[in-house]
Amino acid sequence: MNLRCLLGHKWEYYMEEITYRSSAHVYPPKEITLPTKVRCCSRCYKKQKCNIGEWSSWYLTKQEERDKKLKEIGI
């Protein structure tokens, strides 16, 4: 994590299509894709999604991981 992020992240907000899967008790398992609010820090690449007004950690996409690595090596 970037030291400047200890005081506050520099969030970039956007919408992302996220696929949700039904619980294990539902047969057959179902998937639904919904547009979801997402924010990502441009300094440390911490990513969060919004669940009913609360932010929770989320995974970086392959493109975001690639951008992070390129930024780290200075390209």
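Modeller: A residue is exposed over 50% relative accessible area, buried under 20%, and partly exposed in between. The model here is predicted.

Biologist: Is I52 buried or exposed?
Modeller: I52 sits in the loop between β3 and β4 (54–57). Its phi is positive, near 50 degrees, and the residue is not glycine. The relative accessibility of I52 is 88%.

Biologist: In which loop is Y45 found?
Modeller: Y45 is another non-glycine residue with a positive phi, near 60 degrees. Most residues other than glycine have a negative phi. Y45 has 17% relative accessibility and therefore counts as buried. Its place is the loop between β2 (31–41) and β3 (47–51).

Biologist: What pattern does the protein chain follow along the sequence?
Modeller: The secondary structure amounts to one helix and four strands. Reading along the sequence puts these elements in order, and the pattern is β-β-β-β-α.

Biologist: What radius of gyration does the protein chain have?
Modeller: The C-alpha trace spans about 50 × 25 × 20 Å along its principal axes. For 75 residues, a compact globule would come out near 11 Å. The protein chain has 15 Å.

Biologist: What share of the 75 residues of the protein chain counts as buried?
Modeller: Start with the surface. The accessible area is about 6,200 Å², with 56% of it on carbon and sulfur atoms. Of the 75 residues, the buried share is 21%.

Biologist: For what share of the contacts with a separation of 6 or more do residues 24 or more positions apart account?
Modeller: A contact here needs heavy atoms within 4.5 Å. Among contacts in the protein chain with a separation of 6 or more, the share from residues 24 or more positions apart is 40%.

Biologist: How far apart do the centres of the positive and negative side chains lie?
Modeller: The protein chain carries 15 positive and 9 negative side chains. The separation is 4 Å.

Biologist: How many disulfides does the count come to?
Modeller: The rule asks for two cysteine sulfur atoms within 2.5 Å. C50 is in no disulfide either, with the nearest cysteine sulfur, that of C40, 15 Å away. The count is zero.

Biologist: Which residues does E31 touch, not counting residues up to four places away in sequence?
Modeller: E31 lies in strand β2. At 56% relative accessible area, E31 is exposed. Its C-alpha is 10 Å from that of I18, 13 residues apart along the chain. Leaving out residues up to four places away, the partners of E31 are T19, Y20 and R21.

Biologist: How far apart in space are L34 and Y45, C-alpha to C-alpha?
Modeller: L34 is found in strand β2, whereas Y45 belongs to the loop between β2 and β3. In sequence, the two are 11 residues apart. In space, C-alpha to C-alpha, the separation is 23 Å.

Biologist: Which residues does L34 touch, not counting residues up to four places away in sequence?
Modeller: L34 has a relative accessible area of 38%, so it is partly exposed. With residues up to four places away set aside, L34 touches E16, E17, I18 and Y20.

Biologist: Which residues does S57 touch, not counting residues up to four places away in sequence?
Modeller: S57 is in strand β4. It counts as exposed, because its relative accessibility is 56%. D67 is 10 residues apart from S57 along the chain, and their C-alpha atoms are separated by 19 Å. Apart from residues up to four places away, S57 touches K46, K47 and Q48.

Key: Residues are numbered from 1 along each chain as its sequence is written. This is a predicted model: local features need pLDDT of at least 70, side-chain atom pairs count only at pLDDT 80 or more; totals for chains, interfaces and linings use all residues. Side-chain values use heavy atoms; hydrogens and water are left out. Helices (H or I, at least four residues) and strands (E, at least two) are DSSP runs, numbered from the N terminus. The radius of gyration is taken over C-alpha atoms; the globule rule is 2.2 Å times the number of residues to the power 0.38. Buried means under 20% relative accessible area, exposed over 50%, partly exposed in between (1.4 Å probe, protein chains only). Accessible areas come from the Shrake-Rupley method with a 1.4 Å probe; for residues, only the protein chains shown count as cover. Lys and Arg count as positive and Asp and Glu as negative; His and the chain ends are not counted. The place of a charge is taken as NZ of Lys, CZ of Arg, CG of Asp or CD of Glu.
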